Amino acid sequence: MESRIRLFLLSVAMATALPGCALLGLGRDSDETPEVAAPSPGDQPVIQPEVARREIVTPRIETENFEVGAFAGILGIEDFGTNTVYGVRLAYHITEDFFVEGAIGQTRAGKTSYESLSGSAPLLVDSERDYRYYTLSAGWNALPGEIFIGRNHAYNTALYLIGGVGSTRFGGDDLFSINAGVGYRLLLTDWTAIHLDFRDHVFDTDLLGTNKTSHNLETHLGLTVFF
Amino acid sequence: MQGRIRRAGLVMGLLLLQSTVWQTASAADEYQVVVADPYLELHTGPGRGYPVFYVIDRGLTVTVLKQRTDWFKVRSDRGKEGWVSRAEILATLGLKGDPLELKEPSRGDFESRRWEAGVMAGDFGGASVLSVYGAYSFTDSLALELTGSHILGNFSNGVLGTLSLVHTFVPEWRVSPYFTLGTGMIMMSPRTTLVQGPDRTDQIAHVGVGLRGYLTRRFMARIEYRSNVVFTSRDDNEEVDEWKAGFAFFF
């Protein structure tokens, strides 16, 4: 009830005040106009300021902070053998020191030693042997440098430390994964690079009956372009 | 056979034409500046550690080719190409003697941002959660946010999609608290190593608070708490606490 009264009072106040303001404004305008209207020729200012408006043109300089590419290598799945892995990565370079990277990769699990030796029923069905991961990582260009090949060729390089989180789909489940590793980036030109990466993908799994932490080491060679 | 050669020639011709068109287009983007400091140092790479291999004297013109992070690739009038730091390029002048206007996102842009996107990771009722989100701000303080999350637990996995309204109390603060309210859908499926149960899809609603902190350029850090209620088909609703921290950018 109280708020309704307050609202009513407020609207009454606004209804009276607003037209009043408008009237006041109009009145002042009509008062001022005649004063300005009659400038005599002798009142011209001595110096006419000629201020040239400076036109600010923001240069459209092409930026090349994104890096996209594909990679292929080997990934050893703990207990399930080593197989070829391939994937794609996209990175954004925030500063000369730091970058963020998202990657997806895929490989296929082999047989455990137990499965091979005992000849018993397989532990996983065919589709469960697909191993797919995605990672969201942050990287630090720890050791930038140059390498020299022969007398005439010098290439910029960087050794970077990288780590992050992600998910791994293996054995029919999605598993929260942590990845960490080190990589070497060699810039062939200003906008193409070769990567050599070593990465450990860590997750907890109970696939073989007991809970354990599984370390899955990956080595890959990649090619990227900056854009 | 001849047709194939002709076709190959045509494709080559088109490619060449395309590349020339592209080159002229990129040439139009090039920007020329005059060295105003005693000299301009050219590094071999885009970083402070890369050595200086060439200097360009005052008064000479250089062409700015491109930018990577805070480094600019330039070409001297003698054709030498190298990388110059932002501080040094800002000390040059345009061809008309005007100072260089390089637009760089700053805190002012952070306060009046329109689009924001980021990734977050954290804990969702004991399970790990990874989120990607995008937001659009109607005003400096009110935004609509779409979040997609991947929940990775010991007993079940799931995906979660929410739409929320985010209100930032004081958008001009560098570290700025906000309030969030929203709803969405959650789909959970039990882990395959456990007894198979049915997948469940339920509606979910949340209230939460968070902090957003401006880092640098167009980047910010973000930390958030959400109190979720899952409207299950069982008798009781489920309440889940969610903690997340992450990293975002605005544009």
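Q: In which strand of chain A does Ser177(A) lie?
A: The model discussed here is predicted. In its chain A, the element that holds Ser177(A) is a strand, namely β7.

Q: Is Ser177(A) buried or exposed?
A: A residue counts as buried if 20 or more other C-beta atoms lie within 10 Å of its own. Ser177(A) has 25 other C-beta atoms within 10 Å, and therefore the residue is buried.

Q: What distance separates the C-alpha atoms of Ser177(A) and Phe203(A)?
A: Leaving aside neighbours within four places in sequence, the contacts of Ser177(A) include His201(A), Val202(A) and Phe203(A). Along the chain, Ser177(A) and Phe203(A) are 26 residues apart. Their C-alpha atoms, however, are separated by 4.7 Å.

Q: Which element gives the largest share of the largest nonpolar core?
A: This core has 23 residues, and among those that touch the most other members are Ile77(A) and Val129(B). Elements giving two or more residues to this core include β2 (66-77) and β7 (173-187) of chain A, as well as β8 (115-124) and β9 (127-137) of chain B. The largest share, 3 residues, comes from β8(B).

Q: How many residues does the second, separate core have?
A: Among the members of this second core are Tyr31(B), Leu40(B), Ile56(B) and Val84(B). The core is separate, and its number of residues is 14.

Q: What percentage of the residues of chain B count as buried?
A: The secondary structure of chain B comprises 3 helices and 15 strands. Chain B has 251 residues, and the share of them that count as buried is 29%.

Notes. Residues numbered from 1 in each chain as written. Chains lettered and ligands numbered in written order. Predicted model: local features only at pLDDT ≥ 70, side-chain atom pairs only at ≥ 80, totals over all residues. Helix = DSSP H or I, 4+ residues; strand = E, 2+ residues; numbered from the N terminus. Buried ≥ 20, exposed ≤ 12 C-beta atoms within 10 Å, placed from the backbone. Core = buried A, V, L, I, M, F, W, Y, C linked by C-beta atoms within 7 Å. Contact = placed C-beta atoms within 7 Å.
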